[in-house]
Amino acid sequence: MASQEIEALAGALARLPGLGPRSARRAVLWLIKRRETALVQLLDALENVRVSLVECRTCGNVDTQDPCGICADPRRDSRQLCVVEDVADLWALDRARLFTGHYHVLGGRLSALDGVRPEDLSIGKLIERVAAGGIDEVVLAMNATLEGQTTAHYIADRLEAYPVRITQLAHGLPVGGELDYLDEGTLAQALRARRPVG
Ligand SMILES: [Zn+2]
């Protein structure tokens, strides 16, 4: 039987997305064999993340500064706002500077199944940003899933009262496609061919 310490670490790792109990235990054994190298590096990296990373109070991005590097960058076009579900989607779109405006991270997607309601996401804050003015276009870059599209429609309705152009990523995104998993070419194409919502 594995010791309590190993079980505790494997249990914690198994809660990570994409890592089940089996692979978690294998990761723990792998780390134990490399306790002076990989394990130390992992500890340092985890501690750095714990100490230095904060959530941007403007857009919800995760960075070492608040406002984040994107919100604080004067070269970016503040008249364009791209709304994404998660920080991973922001990073996917920003990887190759596919989008040079500002972002807004919702923190998830509406889901009747998981009980995620509009007030659970940062939709109110998004409306506030748009209401404050200075934004010409809101790009809804939700994932091409049923819940992502439901979220996009909900937001489009809420933004209807404001004088902004509301667009969404072009169809052509694979159905069920999560932005984070798409290659840059596909993302760039979906962004270039974005179309008005409605
Ligand atoms: Zn930010």
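Guide: A residue is called buried if 20 or more other C-beta atoms lie within 10 Å of its own, exposed if 12 or fewer do, and partly exposed in between, the C-beta atoms being placed from the backbone. Thr58 is partly exposed because 17 other C-beta atoms lie within 10 Å. This is a predicted model, in which local features need pLDDT of at least 70 and side-chain atom pairs count only at pLDDT 80 or more, while totals for chains, interfaces and linings use all residues. Residues are numbered from 1 along each chain as its sequence is written.

Visitor: Where is the place of Thr58 in the chain, and with which residues is Thr58 in contact?

Guide: Helices (H or I, at least four residues) and strands (E, at least two) are DSSP runs, numbered from the N terminus. Thr58 sits in the loop between strand S1 (54-55) and strand S2 (62-63). Two residues are in contact if their C-beta atoms, placed from the backbone, lie within 7 Å. With neighbours within four places in sequence left aside, Thr58 is in contact with Pro67 and Cys71. Thr58 and Leu126 are 68 residues apart along the chain, and their C-alpha atoms are separated by 9.3 Å.

Visitor: What is the peptide bond from Asp66 to Pro67, cis or trans?

Guide: Most peptide bonds are trans. The bond from Asp66 to Pro67 is cis, with omega near 0°. Pro67 belongs to the loop between S2 and S3.

Visitor: How many helices and strands does the protein have?

Guide: The secondary structure comes to 7 helices and 7 strands. From the N terminus on, the elements run α-α-α-β-β-β-α-β-α-β-α-β-α-β. The C-alpha trace spans about 65 × 35 × 35 Å along its principal axes. Of the 198 residues, 26% are buried. Among contacts between residues at least 6 apart in sequence, 55% join residues at least 24 apart.

Visitor: At what angle do the axes of helix H1 and helix H2 cross?

Guide: Two packed helices are described by the angle between their axes and the distance between the axes. Axes are lines fitted to C-alpha atoms, for helices over the stretch in contact, and angles run from 0 to 180 degrees between N-to-C directions. Helix H1 (residues 4-14) and helix H2 (residues 21-33) have axes that come within 8 Å and cross at roughly 125°. H1 is therefore oblique to H2; angles under 35 degrees count as roughly parallel, over 145 as roughly antiparallel, 65 to 115 as roughly perpendicular and the rest as oblique. The contact is made by Ile6, Leu9, Ala10, Leu13 and Ala14 of H1 and by Pro21, Ala24, Arg25, Ala27 and Val28 of H2. These residues divide into 9 nonpolar, no polar and 1 charged; Ala, Val, Leu, Ile, Met, Phe, Trp, Tyr, Cys and Pro count as nonpolar, Asp, Glu, Lys and Arg as charged, and the others, Gly among them, as polar.

Visitor: Which residues of H5 meet H6, and at what angle do the two helices pack?

Guide: Helix H5 (residues 123-131) and helix H6 (residues 146-159) pack at an angle of about 40°, with their axes 11 Å apart. The two are therefore oblique to each other. Ile123, Leu126, Ile127 and Val130 in H5 meet Ile155, Arg158 and Leu159 in H6. This contact comprises 6 nonpolar residues, no polar and 1 charged.

Visitor: Which residues in the largest nonpolar core touch the most other members?

Guide: In soluble globular proteins, nonpolar side chains tend to be buried together. A nonpolar core is a set of buried Ala, Val, Leu, Ile, Met, Phe, Trp, Tyr and Cys residues joined through C-beta atoms within 7 Å. The largest one here has 34 residues, of which Cys82, Val83, Val84, Leu93, Val138, Leu140 and Ala141 touch the most other members. Elements that give two or more residues to this core include strand S3 (77-84), helix H4 (87-94) and strand S5 (137-140). Cys82, neighbours within four places in sequence aside, is in contact with Leu93, Phe99, Gly101, Tyr103, Val139 and Ala141.

Visitor: Why does Met142 count as buried?

Guide: Met142 counts as buried because it has 25 C-beta neighbours inside 10 Å. Its place is in the loop between S5 and H6. The C-alpha atoms of Met142 and Arg109 are separated by 8.3 Å.
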